[in-house]
Amino acid sequence: MNLTSENILLIGSLLLLVSLVAGKTSYRFGVPTLILFLGVGMLAGTDGILKIQFNDPKLAQFIGIISLNFILFSGGLETRWKSVKPILFQGIMLSTLGVLLTAVSLGLFVWYITDFTLFESLLLGSIVSSTDAAAVFSILRSKNLDLKFNLRPTLEFESGSNDPMAYVLTTTFLGLVQIPEQSVWVVILVFLRQIILGGVLGFVFGKLSKLIFNRIQLGFEGLYPVLAIALMFITFSGTEALGGNGFLAIYICSVFLGNQNFIHKGSVLKVFDGLAWLMQIVLFLTLGLLVVPTEIIPLAGLGLLISVFLILVARPLSVFLSTIPFRMCFARRSYISWVGLRGAVPIVFATYPLLAEIDKAHIIFNIVFFISVTSVLIQGTTLSVVAKWLNIASVQQDVENDENPADAIIREHPKAVMQEILIPADNHIIGKKIVELEFPKNAIIAMIKRDEKYITPNGSTKINPNDMLIVISDNELAMTEVYDMLEIVSE
């Protein structure tokens, strides 16, 4: 079956629906959603049931880049600086030196056991040198596990920030495969330029994004996520145009923005969370369609050997060496080593050799695909088991959030006026529903604090004696009208 303008929406929506159902089922059995999404794509592909003919690495790469933009930006927005700060340098070492050591050690192994040239081997090592965050945390959440020793923020930060390093290494060694006589110093300078410019421009675009969000007045809340998408793509493309690494810039920009107060922040976070999931599904489906299973089978033995070396030698070696400067227990280092899942990102990076049309491009792509799948199957299905075995996991308990929800509200609406208003037992609104109150149009009851608990009200919520109303309004005049309506003297 060929994809046409008439059937692409129907087929695409059906595959999306099947992927969502399969992903929901996977939580019950502990199978990473990555495998399900890839499996659906492969079943619909050339060797599958629908026989969809999709052989366009360029389009797959474009979809991959767009998807990674959303995934990295969403991950950065949800990264809390408070949790990352204690493990910042550890995370940086893992996402830079750790990635480099993984690429080099695996590349040397591939060079030793195959007929690949040194640069082709290092290219393969670079492509699979980064980890996948989505598969890791979907499994941890499904098993209801909590990790000790600040492992969760460490793994979050490493997974979110190591893709740029792998991308730079991939493009660097791809250039050396094409032009082996390149000067080493030129390669190093290009490498440093991408990293430095990516970091600096990411911070600059982050500050500009915050300024634009809080200065511009779009009139409709739904337009602010659209503004965020525009700023995200400007950050990526602008950094790439100036010679920096766009993926690194996007991540730093979003981490900065996610820890600042800007208008309609809550709406932007919710929209990007959904978009990130959508892009992961689309990316995995696309890569599943691109791969031809019958071409992978002959390379299964070699792929398995490389995958086992990556899991048991290259990844642990890189983790233990890159964390030497830090005090870490053996269990913590061991678990970080085991959580070295390879996901969709390496498969996307493997399309670069295909487009460059180097000699072993198809072999590299198929080996990378096999490594990603086996890594998720072997490591992804055993994350909770290994965590318990190393005694670094405990069942999550329901805990009170230390943060006052009112603070979260005012962070989302930094220009709004907020007041906490205590309703006396003899007030005339006691027993009335919120919908029955004649509240000013420019003010709302965002939350109610009742018996030391915060509840989110709706129109049918009744006001009880001694309720604390958290009211937000556009301006001081509207807040004055609220006090007048409640017949309460403002403090």
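This is a predicted model: local features need pLDDT of at least 70, side-chain atom pairs count only at pLDDT 80 or more; totals for chains, interfaces and linings use all residues.
**Notebook: salt bridges and a sheet**

I started with Lys360 and Glu120, whose side chains meet in a salt bridge at 3.6 Å, N to O (a side-chain nitrogen of Lys or Arg within 4 Å of a carboxyl oxygen of Asp or Glu). Lys360 sits in the loop between helix H18 (351–356) and helix H19 (361–380), and Glu120 in helix H6 (residues 118–127), so the pair ties together parts 240 residues apart in sequence. Both Lys360 and Glu120 are buried (under 20% relative accessible area, 1.4 Å probe, protein chains only).

Residues are numbered from 1 along each chain as its sequence is written, and side-chain values use heavy atoms, without hydrogens and water.

Next I looked up Glu158 and Arg315, which form a salt bridge at 2.8 Å, N to O. Glu158 lies in helix H8 (residues 151–161) and Arg315 in helix H15 (residues 300–322), so the pair ties together parts 157 residues apart in sequence.

Then I checked Asp467, which forms a salt bridge with Arg450, the closest N and O atoms being 2.6 Å apart. Asp467 is buried, with a relative accessible area of 0%, and Arg450 counts as buried at 19%.

Last, I traced the open sheet: 4 strands in the order S3-S6-S4-S5, with antiparallel pairing (strands are DSSP runs of E, at least two residues; helices are H or I, at least four; two strands pair if DSSP finds at least two bridges between them). Its edge strands are S3 (417–422) and S5 (453–455).

How values were computed. Buried means under 20% relative accessible area, exposed over 50%, partly exposed in between (1.4 Å probe, protein chains only).
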